[in-house]
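Student: Please take one part of this model and look at it closely. I would like strand pairing, core packing and ring contacts treated together.

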Amino acid sequence: TTTTTTESFFIEEIDLFRNYLVYYERSNVTGTQQIRITSRLTTKQESILTLQSSSSSSFQKNSTKYHYLNTSSSAIQMGGNIWYDATKLYFKVESPIHMGVYYEYDMDEDVLTCLSTSPQNDIQKEEEDNVIQTRVLVASQDGTKVPLSLI
């Protein structure tokens, strides 16, 4: 479990690369997902790709660089990262009303690139503006909090 200033995260999945470890994490408090990338070779900064909203696309805090995807009620899906020697991470962000946006993160250069820019995304964005969606946490029978999307 990792902790930020306001919430803690547990690890859902891990991708292992020659030079990097990639942790797919979920918040114990809000259910929000993030991806944390750490180098296996040095103790240089780590990077966090988060679904949380921010007025900027990225910022540096201590030795951690945050990249904001600025999406709400979305989920991160692993993107088939099967090459051990790869330096690029692929993943998809989607929601119940959005087909999904594919991203590439260059772990060596610390650069996040959106790969899904098409007219279809513009149509989806217009449709999203007319829909209200939110994600809440509900308690299951055993008390575990489970994220539920409301549209």
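Tutor: A charge sits over a ring if NZ of Lys or CZ of Arg is within 6 Å of the ring centre and within 35 degrees of the ring normal. Arg36 meets that test: it lies over the face of Tyr23, at 4.3 Å from the ring centre.

A word on the source. This is a predicted model, in which local features need pLDDT of at least 70 and side-chain atom pairs count only at pLDDT 80 or more, while totals for chains, interfaces and linings use all residues. Residues are numbered from 1 along each chain as its sequence is written, and side-chain values use heavy atoms, with hydrogens and water left out.

Take strand β3 (20-27). Strands are DSSP runs of E, at least two residues, and are numbered from the N terminus. β3 is mostly covered, with seven of its eight residues buried. Buried means under 20% relative accessible area, exposed over 50%, partly exposed in between (1.4 Å probe, protein chains only).

Now its partners. Strands pair if DSSP finds at least two bridges between them. β2 (residues 8-16) runs antiparallel to β3, joined by seven bridges. Glu13 has Tyr24 of β3 as its bridge partner. Three residues form the hairpin link from β2 to β3. β4 also pairs with β3 in the antiparallel sense, over seven bridges. Here Arg26 stands opposite Gln33 of β4. The hairpin of β3 and β4 has five residues between the strands, and Gly31 takes a positive phi near 80° there.

Next, the core. A nonpolar core is a set of buried Ala, Val, Leu, Ile, Met, Phe, Trp, Tyr and Cys residues joined through side-chain atoms within 4.5 Å. The largest one has 17 residues; Val22, Ile35, Ile37, Leu89, Phe91 and Met107 have the most contacts inside it. Two or more residues come from each of β3, β4 (33-39), β9 (88-95) and β10 (98-106). Contact means heavy atoms within 4.5 Å. Beyond its neighbours within four places in sequence, Ile35 touches residues including Val22, Tyr23, Tyr24, Leu89 and Phe91.

Rings of Phe, Tyr and Trp (its six-membered ring) pair if their centres lie within 6.5 Å; planes under 30 degrees apart count as stacked, over 60 as edge-to-face and the rest as tilted. The whole structure holds one aromatic pair. Phe91 and Tyr103 are stacked because their ring centres are 5.4 Å apart and their planes are at 15°. The pair links strand β9, which holds Phe91, to strand β10, which holds Tyr103, twelve residues apart. Phe91 is buried at 1% relative accessible area, and Tyr103 is buried at 10%.

How values were computed. Helices (H or I, at least four residues) and strands (E, at least two) are DSSP runs, numbered from the N terminus.
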